[in-house]
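Hi everyone, thanks for coming.

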Amino acid sequence: MLISIYLIAITAEAMSGALAAGRRNMDMFGVALIAFVTALGGGTVRDMLLGNYPINWTQHPGYIYITVSAGLFTMVIARYMRRLHQLFLVLDSLGLIAFTIIGCEVALKLDYEIPVVIMAGLITGIFGGILRDILCNRTPQVLRHELYASVSLVVALLYLYMQHKQVHHDTSLLAAFSVGLALRMSAIRWRWSLPVFSYDPARWDD
């Protein structure tokens with residue numbers, strides 16, 4: 001189940017990358033590159049930081065074909081993407097959860113301590129979006145709008161807690177996906193977000 005959701009997730013993330021590239025009027029190569037980085041960038045950064053070589057997508061060339069094709073296909077169906085907005089949000093949320101859990105599992109297999117495992121899950125979940133926004137010259141959306149990175153953190157903590165309690169793996173996955181998806185959809189619906197830190201020295205000038 002996790003692998004199936006992962007494939008759906010990298011496709012959805014690649015499409016989100018393509019749309020971001022389109023907003024910056026990039027050419028086909030730029031669209032394909034941003035799509036690839038958005039979908040697989042989080043896992044790449046995670047593997048590099050953890051010393052987990054070879055990097056995952058280098059052993060599965062199909063992932064490259066999927067992400068690049070999804071990015072280019074988005075150019076063809078761009079006029080219809082607005083109608084698919086709600087579905088896209090759900091798929092993106094599922095991707096965030098799947099990436100987070102996969103990141104945690106990779107770090108666990110490498111016998112890292114729990115704080116590192118949590119960070120591995122977070123990096124896998126959100127870093128593709130951060131790289132996308134950096135390359136598109138905008139402030140990372142995952143750190144500004146409705147709860148997103150926070151959802152990844154909650155999913156990681158819940159999944160690790162249930163694993164610690166030796167809950168059946170499928171049950172842990174179901175609980176993590178249910179809670180994560182409900183939290184993300186609720187955040188979008190009611191615009192939940194964390195307190196914003198706005199630093200302006202002029203505010204404290206006499």
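I'll begin with how to read the model, then take the pockets, then the helix pairs.

What you see is a predicted model, where local features need pLDDT of at least 70 and side-chain atom pairs count only at pLDDT 80 or more, while totals for chains, interfaces and linings use all residues. Residues are numbered from 1 along each chain as its sequence is written, and side-chain values use heavy atoms, with hydrogens and water left out.

Pockets come next. Rolling a probe the size of a water molecule over the atoms shows where empty space is left. Here the search runs on a 1 Å grid over the protein atoms alone with a 1.4 Å probe, and a pocket is an open set of points with protein on both sides within 12 Å along at least five of seven lines; lining residues have an atom within 4 Å of a point. Grid points are joined across faces, edges and corners, and a volume is the space filled by probe spheres set on the points.

How much space lies in the largest pocket? About 830 Å³. Its lining has 30 residues, and Ser16, Arg23, His85, Phe88 and Leu89 are the closest to its centre. At least two lining residues each come from α1 (2-23), α2 (28-50), α4 (85-109), α5 (114-135) and α7 (169-190). A helix here is a DSSP run of H or I with at least four residues, numbered from the N terminus. The largest share, 6 residues, comes from α5. By class, the lining divides into 12 nonpolar, 10 polar and 8 charged residues; Ala, Val, Leu, Ile, Met, Phe, Trp, Tyr, Cys and Pro count as nonpolar, Asp, Glu, Lys and Arg as charged, and the others, Gly among them, as polar.

The second largest pocket has a volume of about 430 Å³. Of its 22 lining residues, Tyr6, Arg46, Asn56, Ile102 and Val106 lie nearest its centre. In this lining, α2 gives the most, with 6 residues, and the classes are 13 nonpolar, 5 polar and 4 charged.

Now for the helices themselves. Two packed helices are described by the angle between their axes and the distance between the axes. Axes are lines fitted to C-alpha atoms over the stretch in contact, and angles run from 0 to 180 degrees between N-to-C directions.

Take α4 and α7 to start: they pack at an angle of about 135 degrees, with axes 9 Å apart. They are therefore oblique to each other (under 35 degrees is roughly parallel, over 145 roughly antiparallel, 65 to 115 roughly perpendicular, and the rest oblique). Residues in contact, meaning heavy atoms within 4.5 Å, include Leu89 and Ile97 in α4, and Phe177 and Leu181 in α7. The contact has 12 nonpolar, 3 polar and 2 charged residues.

Next, α1 and helix α3 (residues 62-77) have axes that come within 8 Å and cross at roughly 45 degrees, so α1 and α3 are oblique too. Among the residues that meet are Tyr6 and Ile10 in α1, and Ile66 and Ala70 in α3. This contact has 11 nonpolar, 4 polar and no charged residues.

Last, the axes of α1 and α4 come within 8 Å and cross at roughly 125 degrees. That makes α1 oblique to α4. Tyr6 and Ser16 of α1 are among the contact residues, as are Phe88 and Ile102 of α4.
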